[in-house]
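Visitor: Hi! Could you walk me through this structure in simple terms?
Guide: Happy to. Let's take a look.

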Amino acid sequence: GGADAVVTDKDGNSFEVQYKCTSSAKLAADKIMKENGYPGQMLYVNTEIAKDLQEMLKKMELDGKVPLGTADRVVDSGVSIEQAKRVARAGTTALPTAILAFVAVGAVVFICNLKKEGTVNKKVIKKTLKAGLIGGCALFLFHLAFNQFKRLK
């Protein structure tokens, strides 16, 4: 029931935001009702359900199921459910980056250690795998963090 984000406008006023992204206005309305209308929070929803959700919430207000004014806090985010799904798949876009980093770092470390050792042995393989894993994991985390940072703008 807590806010998903706190947004500050250009005048320095802060307000809490609840994001609801679903293919069904009914599902969103039921969740909003369950949380007593998310008091004091703006309700940002995907474009496909915004109007239907406002109408459902107005009816629910008249029936006493959600507090009066809940429907007035619904805001069309301007984001479609398909756009939201693409953003949510950040981990799937970061995975190829991690694999590529694993291979690239591993290859460089393998060549350096092969020159140093003169032959392929357990030590060379261990160092290669360890460096590749560290490089891949680091780039995976960087990729996720960078994508999150881009969303803040």
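**Salt bridges, core and surface**

Guide: With 31% relative accessibility, K31 counts as partly exposed. Keep in mind that this is a predicted model.

Visitor: Okay, and which side chain does K31 meet in a salt bridge?
Guide: That of E35, at 3.5 Å from N to O. E35 is partly exposed too, its relative accessible area being 23%.

Visitor: How many salt bridges are there?
Guide: The count comes to four. Another one of them joins K26 and D30, whose closest N and O atoms are 3.0 Å apart.

Visitor: Where do K26 and D30 lie?
Guide: Both are in helix α1, four residues apart, or about one turn of the helix.

Visitor: New topic: how many residues does the largest nonpolar core have?
Guide: It has 15 residues, and L53 is among those with the most contacts inside it. The elements α1 (25-34), β3 (41-45) and α2 (50-62) each supply at least two residues of this core. In general, nonpolar side chains in soluble globular proteins tend to be buried together.

Visitor: What is L53 in contact with?
Guide: Leaving aside neighbours within four places in sequence, L53 is in contact with A25, A28, A29, I32, V45 and V74.

Visitor: And which residues make the nonpolar surface patch?
Guide: L95, I99, F102, V103, V120, I125, L129 and L133 make a patch of about 710 Å². Two or more residues come from each of α4 (90-117) and α5 (122-152), and α4 gives the most, with four.

Visitor: Is I125 buried or partly exposed?
Guide: I125, found in helix α5, counts as partly exposed because its relative accessibility is 38%.

Terms used. Residues are numbered from 1 along each chain as its sequence is written. This is a predicted model: local features need pLDDT of at least 70, side-chain atom pairs count only at pLDDT 80 or more; totals for chains, interfaces and linings use all residues. Side-chain values use heavy atoms; hydrogens and water are left out. Patches are made of residues with over 30% relative accessible area and no salt bridge: like charges are joined within 9 Å, nonpolar side chains (Val, Leu, Ile, Met, Phe, Trp, Tyr) within 5 Å. Accessible areas come from the Shrake-Rupley method with a 1.4 Å probe; for residues, only the protein chains shown count as cover. Buried means under 20% relative accessible area, exposed over 50%, partly exposed in between (1.4 Å probe, protein chains only). A nonpolar core is a set of buried Ala, Val, Leu, Ile, Met, Phe, Trp, Tyr and Cys residues joined through side-chain atoms within 4.5 Å. Contact means heavy atoms within 4.5 Å.
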